[in-house]
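Hi everyone, thanks for coming. Let's bring the model up on the screen and walk through it together.

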There are 2 protein chains.
Amino acid sequence: MNAEIIAVGSELLLGQIANTNGKFLSKQLAEIGINVYFHTVVGDNSDRLQSVIEIAESRADFIIFTGGLGPTKDDLTKETIARHLGKNLVFDNHALTAIQAYFTKTGREMTENNKKQALILEHADVLANDHGMAPGMILTLKDKTYMLLPGPPKELEPMFLTYGYKRLMEKLDKQERIESKVLRFFGIGESLLETKIDDLLENQTNPTIAPLAGDGEVTLRITAKHESKEICDQLIGETEAEIMNRVGDFYYGSDQTSLIKELVKELTARGMSIAAAESLTGGMFQEQLTTIPGAGKVFKGGIVSYTNDAKSNLLQIRDETISAYGVISEQCAIEMAENIRTQLDADVGISFTGVAGPDEQEDQPVGTVFIGIAFRKGHSKVKKLNLSGSRAQIRIRSVKYGCHYLLNHLSI
Amino acid sequence: MNAEIIAVGSELLLGQIANTNGKFLSKQLAEIGINVYFHTVVGDNSDRLQSVIEIAESRADFIIFTGGLGPTKDDLTKETIARHLGKNLVFDNHALTAIQAYFTKTGREMTENNKKQALILEHADVLANDHGMAPGMILTLKDKTYMLLPGPPKELEPMFLTYGYKRLMEKLDKQERIESKVLRFFGIGESLLETKIDDLLENQTNPTIAPLAGDGEVTLRITAKHESKEICDQLIGETEAEIMNRVGDFYYGSDQTSLIKELVKELTARGMSIAAAESLTGGMFQEQLTTIPGAGKVFKGGIVSYTNDAKSNLLQIRDETISAYGVISEQCAIEMAENIRTQLDADVGISFTGVAGPDEQEDQPVGTVFIGIAFRKGHSKVKKLNLSGSRAQIRIRSVKYGCHYLLNHLSI
């Protein structure tokens, strides 16, 4: 079964909102093995909508429409589909009653155009809207299935999950399951990673392997299809083992995680506390750490030593260190990590100093970054990075490298 | 000129990401009066991409492609377009040099497939990629214009704004100008603001007024159309004056600015330095301050006093203050602001303490926030907020309220 998602709404074409319904539905359909080959966005214009329906019918068996079911003149999805399919629109009494009840309850005046929302395509099955007024519907005609869903995600998502999904599963006559797992890598470029698993990518059938890169990270999504969940899991496990064999050194976690989440998890597991001293990252490491509820269990606090004054007065960095080596140096990074660790009596201290740009600093090029880590027990470590990209990218990647560097040293 | 945006990438059809590039480009095109009638998303499949190019050519003069310019086998946008248009792909020496320099600089291994990124359609003009490796390009052939942009938003957005936009304006031969100005408001809800300018919104023709709300801020975009820039500016000025008359108390800046940028601007203009002490915001205020190049001229540094230990040891908050009033208190906020100001000898100190959630703290409900400000000259101030929303929203809004509160006190 091949699907196309048609989003109807001029606000999408004006760039006021992104087509997040397309993302949501695609993810749901992928999970039950329905291939989505196209998304189309069209404005509130009946002729253009009609033309995209014709194109969709030529290349998909299952067409989902989102948006254009509301009360205003702009809302013309079901009217256009009705005309195209030669169907009438009829009142759904259940929906009409629900709409009337809504207005009675909220004490608002029900205008005539609100009734329009209770119109459905004749012979369609209604998908109830538990979070709004316009019902959805599903209709199969000449081997094509049409599903109409409301535009607001707050209405669309529960409608699809509660009613649409079930109706779709009934229409699918196969039992095939789809399972997937996302492997996350850091410290390796997308192209180098792909080169290392080139033969696996070339020969993929079941499971499939899909790489995706962003913000210095690379993910591989392994997707297996089979009637049995056990066999899906086994297929994924075999491919995962082979991938880990090649690039496991760069792996840091699977599915919905992030480097900072992994770091909090590992620190928590070891009962270790952390303190931070940040220069070029300006507090980003600490800000990200504290986005996680419960971070207070591992994170004690830290200093943003953006100026030399702050390094001397707050962090107690020795003047000799700064005059001999500069603040963009291994020595300064180590002293920052050690001092913040001591000041807050934490198990580990981490520091970030470097040149985010746009200008050079201490004759060091933009992208030069030092990350220091100091442990209550054991030696301090420092890592030098030469990052590229914009000021924002250098800061983001510094934080990620810091998490990764510390994670590696925690697991030793 | 009618446009269609074609996003290429299976990750969009699998629901891993939303087509935010479509939103970004649509917004940009709308602002210069180019009608976008369709968005299409297609996977990394040459035949299907070819079919959508043919459809797009039948209904648009200007086709923008996003994605599929990278180094891997999946990336086939330019190869498919080249075949479709009967054009060769040729190496762009400038792009090739930039790619080689990138690998030399970062000390990473350059694989052969990276060279592929320097291939461009023959006769196309290159749009330089200042934030990545794959260059964009623009080509006009038989009355159709094709623009190819990379998929990652961090590369696409600056490329379009810096190079693509200008090339597009050169191609537009129409005389009508479109000018717009965005007014930014903080501290007033969208519906209240709209109520106050209801009659202006009802009767808008030229200029138009478009409200947009997000993250506690409301913006109004005023857009005027006319052949003459002077008349556009005059039309905008008249509407702006009327709006400011109604809701000017909540206005903080226009066009591409933000509360944090305005704060840096005002501090710079006054030659004032700032230091910060943050608890619930975890460093977010300082992180945002330091996103701005040159923030070092006003920002000295600060402390993230996430735990009571950090408040005592780093910030020197008196134990009596904490035991008598707690850390979520006016007294603690003021002492935090005063102490960080003194420790860094700054002209102003700002502090954030409160309950971001998900749990209550010191019997204070989630959303209770105190912001302290301390000046070298004059009295310290404190403001109590009762914010609603998620943990992330409470933190973001605390920072915005802090900027706004300090801005108001600077301008006194």
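The lining of the second largest cavity has four nonpolar, two polar and four charged residues; here Ala, Val, Leu, Ile, Met, Phe, Trp, Tyr, Cys and Pro count as nonpolar, Asp, Glu, Lys and Arg as charged, and the others, Gly among them, as polar. Please keep in mind that this is a predicted model, where local features need pLDDT of at least 70, side-chain atom pairs count only at pLDDT 80 or more, and totals for chains, interfaces and linings use all residues. Residues are numbered from 1 along each chain as its sequence is written, chains are lettered from A and ligands numbered from 1 in the order in which they are written, and side-chain values use heavy atoms, with hydrogens and water left out.

So who lines that second cavity? Chain A gives Glu4(A), Thr40(A), Val52(A), Ile55(A) and Arg59(A), and chain B gives Glu4(B), Thr40(B), Val52(B), Ile55(B) and Arg59(B). The elements with two or more residues in this lining are helix H3 (46-59) of chain A and helix H3 (46-59) of chain B. Helices here are DSSP runs of H or I with at least four residues, strands are runs of E with at least two, and both are numbered from the N terminus. The space inside is about 60 Å³.

A cavity, on a 1 Å grid over the protein atoms alone, is a set of points where a 1.4 Å probe fits but cannot get out, and lining residues have an atom within 4 Å of a point. Grid points are joined across faces, edges and corners, and the volume is the space filled by probe spheres set on them. By this rule there are three cavities of 30 Å³ or more.

The largest cavity holds about 80 Å³. Its lining divides into five nonpolar, six polar and one charged residue. Which element gives the largest share of that lining? That is S2(A), with three residues.

Now over to chain B and strand S16 (residues 368-375), where eight of eight residues are buried, meaning under 20% relative accessible area with a 1.4 Å probe, protein chains only. Thr368(B), Phe370(B), Gly372(B) and Ala374(B) point one way, while Val369(B), Ile371(B), Ile373(B) and Phe375(B) point the other.

On to the neighbours. Strands pair if DSSP finds at least two bridges between them. S15 (residues 348-354) of chain B runs antiparallel to S16(B), with seven bridges, and Gly354(B) has Val369(B) as its bridge partner. S17 (residues 381-386) of chain B is also antiparallel to S16(B), joined by six bridges, with Ile371(B) opposite Lys383(B). In the hairpin of S16(B) and S17(B), five residues lie between the strands, and Gly378(B) takes a positive phi near 105 degrees.

Note on methods: Buried means under 20% relative accessible area, exposed over 50%, partly exposed in between (1.4 Å probe, protein chains only). On a 1 Å grid over the protein atoms alone, a cavity is a set of points where a 1.4 Å probe fits but cannot get out, and a pocket is an open set with protein on both sides within 12 Å along at least five of seven lines; lining residues have an atom within 4 Å of a point.
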